[in-house]
Amino acid sequence: MKDIEIIPEREGQVQRKGDASTPMACNKKSTAGSVSQRACVFCGSRVVLYPISDALHVVHGPIGCAAYTWDIRGSLSSGQQLHRNSFSTDLREMDVIYGGEKKLLLALRQLIARYKPKAAFIYSTCIVGVIGDDVEAVCRTMTAEAGIPVIPVHSEGFKGTKKDGYRAACEAVASLLGTGSTEDVKPHSVNILGDFNLAGETWIIKKYYERMGIQVVTCITGDAKIEDIRRAHGAKLNLVQCSGSMTHLAKMMEEKYGIPFKRVSYFGIEDMSAALYDTAKFFSDDPTIMQRAQDLVREEVGNIYPQLQAYREELQGKKAAIYVGGSFKAFSLVRALRLIGMQTAVVGSQTGGPDDYKQLAEICDEGTIIVDDSNPLELAKFVLEKDVDLFIGGVKERPIAYKLGVAFCDHNHERKEPLAGYVGMLNFAKEVYSSVMSPVWNFVPRRQPGRAHTGMPSAQEKSVSLEEKIP
Amino acid sequence: MLDGTKAETTERTALRINPAKTCQPIGAMYAALGIHGCMPHSHGSQGCCSYHRSHLTRHYKEPVMATTSSFTEGSAVFGGLANLTTALQNIFSIYNPDVVAIHTTCLSEVIGDDIPTIIKKARDEGKVPEGKVVIHTNTPSFVGSHVTGFSNMVTSTIKYLAEKTGKTTDRLNVIPGYLDPSDILEIKRLLGILGVNSILLPDTSGVLDTGLDGNYTMFPKGGTTVEDIKSMGDSFATIACGHFASHAAATQLENQCNVPAGFLELPIGLTGTDRFINAVRQYATIDIPEAIEEERARLIDLMSDLHQYLHGKTVAIAGDPDHVIAMTQFLVDLDMKPKYVVTGTPGQFFERRIAEILKDSGSNATVKQFGDLFELHQWIKQEPVDLIIGNSYNKHIARVENIPLIRFGFPILDRGTHRLFPTVGYTGAKRLIDEMVNAVLDKKDRECDEQWFELIQ
Ligand code: SF4
Ligand code: SF4
């Protein structure tokens, strides 16, 4: 493969640990004309709010934005499944000319009558921002008429990056806070922020806290119900995972309700245990909580450790490339990989901030390549340069990894096994192992040096003895 | 989840629930990928481009390349001229494609960016290197569907590139429609057996079905070359498959270069493939080789072996209009009963054509253009069917109503192999029969009472 150049404008967004002096120039819009892996404001809002399963999610715009976000996230719900439908105003030419407000109002009226949801979120897409519909006004009218919160989400795609979408989602959620009764909220209680119950992960984490004697008021937004969000302000502590999406909400809740927050991660043994201990420390008025946390960690780690050791022996010394949405997840992954004997050679994220990258550089080994908002060519270049054995990324990276003959693990929203918690760590090791050690990679050209590009021998090569009989 | 769907149909004027279509740009992007060395470019915000690429990747399980103008608030106010100019410059200097195929998005359509003027300006300023091609098409998503976007891109490609030198070649143009790469390969195989030289546009084989060769290339070997597209104006005829995805392009070529065009449906199923083969025969004035006769005979043999299992089975079909039209015809050939026939793409032609196909079949079908899967589900709740044929989005209905789903069309997000097996040609028809009969018999084996469970069905 010929040398791939880095787009000059992107030079500030690629660093190698050891020779980087300036802070990462991240948080930029993607360069026009690059094959960016990034999504838009709407995407950010949609993924954060989507798991609220008893609310109506209506995409106000043309059909595409709604179609591409229809039931593609595996955010599981224990109750209603309303969120898994696709509702949109499917704006047409006439609506674009004359405005879509009437259509939106009518759509909401019909939908609310049909489904009787607990709340409704109305997403504005790019076009709405340009044709100038007053979505707020429609929402106000419907709130008054239907008696449920009808909440506008300002998610016009061009008004920033995915991060701004998270922000808009946080604001939408915030409008529900403080409207429910906190009567049955206990003194030792938390909210889980930034877990989306992919493959049922929220359920795993929730059980840990409950075993420690801590009440989980709500998770925002994994398996969230509107009623629970309404009383989330009663909790004593917010635990913020996926810091990129939820820090804004945590800060708002701290300001308004005096609820402190802690950044946590549930990936990997170290981070998972730290999350439980940090929480226990916070509730130090009851020492039995810490006791229970210690017991829990001991038991859970004891359960998975022997199996992890076995994986570690096999995976020792293998190299990985990581490209994920949020930088905080990248930290956990670097650590989790280390736990199973693997080294991170390339790491990047779509939405990290300068501090995140600094921190990332601290925990990585010398020479690790660190990138912000990368593109496929760049990623392929680094994967080949570092000769990695595993790529961890999302839907768009998977086929690229495979084309290069590299194993893959989806740590994005298309994962089908829970990767959080202790059991998640084991699942992660299992998934990494099953892909990295798959015999398919023995057949790929990279492992068959000196062969033609398909890995087949040339006419002259004598690799099979034609006389020999197979017994 | 879809247990929320009730059988009663209430007035629903202003909203779309569970669409049977998506937006124009993704179709344009897919069509552009069928041009050799082409970088599709999405002129709008980065979100659309990201969604389209992900969606195509989920179906094709292949890397999908496209660039974006990355609109900001500034571009939304002042227009996308600066973004597109910078984008063109960057694309050529970094990725160096032969062609950039620009499509618009809702946003740039509403802003009203004048793409040809922007391209011309970029050229004048030397931002497009000598010998490189830039084409564009308009794809407002508030009109039509992804099929419209596909058609627009193919038509624009011809408009930009096809030329008539006056020297007619021995080549036949085939505009195959919104098909998978495996389908394109099958059409090429058939044309090979028929001994007809051809140009297919677009041709995504060798682009979105490449093997693992240890390399990652932005521009794989496949795709119709610019040179071939140019010479389409000199071909002796054009066969266009599909009213919605291909006919506009053939009409354009007919008007532009005087190439006579045959307007067919997709060569799916027996009749569809017969018509295709026959059209090729007539235009190329050839006899049909025995090998083709044999393929056809094998299909008919299979149809006769299995006809009793399919007779009278009722079917709901949803999907893209050209696919659904061709499939409906095939179901009639198989003595099955299409009961609900839906496309999300708007266009009255669809309903007229389906009615024509079903006229003598005794099938009393509900047919709808611009429909959606929610409504289809309501109909099925009122009166069920034996089979559902459509893309992955029908799986929710299939599960709730316990009806087998035959995955067909675009997109198939939850299975891995459909893209590799053609549905066109006599070969494709055999595969479709295989899937349908097995679905019917598997269900029976699984669910019938033990006293009716037999080794031999
Ligand atoms: S805004 Fe983008 S994704 Fe949405 S419908 Fe338009 S082109 Fe499609
Ligand atoms: S139109 Fe805007 S909101 Fe919709 S996908 Fe595109 S960038 Fe995102």
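**Interface of chain B and chain A**

Between chain B and chain A the count is three salt bridges, a salt bridge being a side-chain nitrogen of Lys or Arg within 4 Å of a carboxyl oxygen of Asp or Glu. The model is predicted: local features need pLDDT of at least 70 and side-chain atom pairs count only at pLDDT 80 or more, whereas totals for chains, interfaces and linings use all residues. Residues are numbered from 1 along each chain as its sequence is written, chains are lettered from A in the order in which they are written, and side-chain values use heavy atoms, with hydrogens and water left out.

- One salt bridge joins the side chains of E62(B) and K403(A), at 2.9 Å from N to O.

**Extent**
- Contact (heavy atoms within 4.5 Å) links 72 residues of chain B with 71 residues of chain A.
- The two chains bury about 6300 Å² between them, 62% of it on carbon and sulfur atoms; buried area is the accessible area (1.4 Å probe) that two parts lose on being put together, summed over both.
- Within chain B, the residues that lose the most area to chain A are Q46(B), Y51(B) and Y216(B), together 13% of what that side buries.

**Strand pairing**
- Strand β3 (residues 87-88) of chain A pairs with β1(B) in the antiparallel sense over two bridges; strands are DSSP runs of E, at least two residues, numbered from the N terminus, and two strands pair if DSSP finds at least two bridges between them.
- F87(A) has I17(B) as its bridge partner in β1(B).

Methods: Helices (H or I, at least four residues) and strands (E, at least two) are DSSP runs, numbered from the N terminus.
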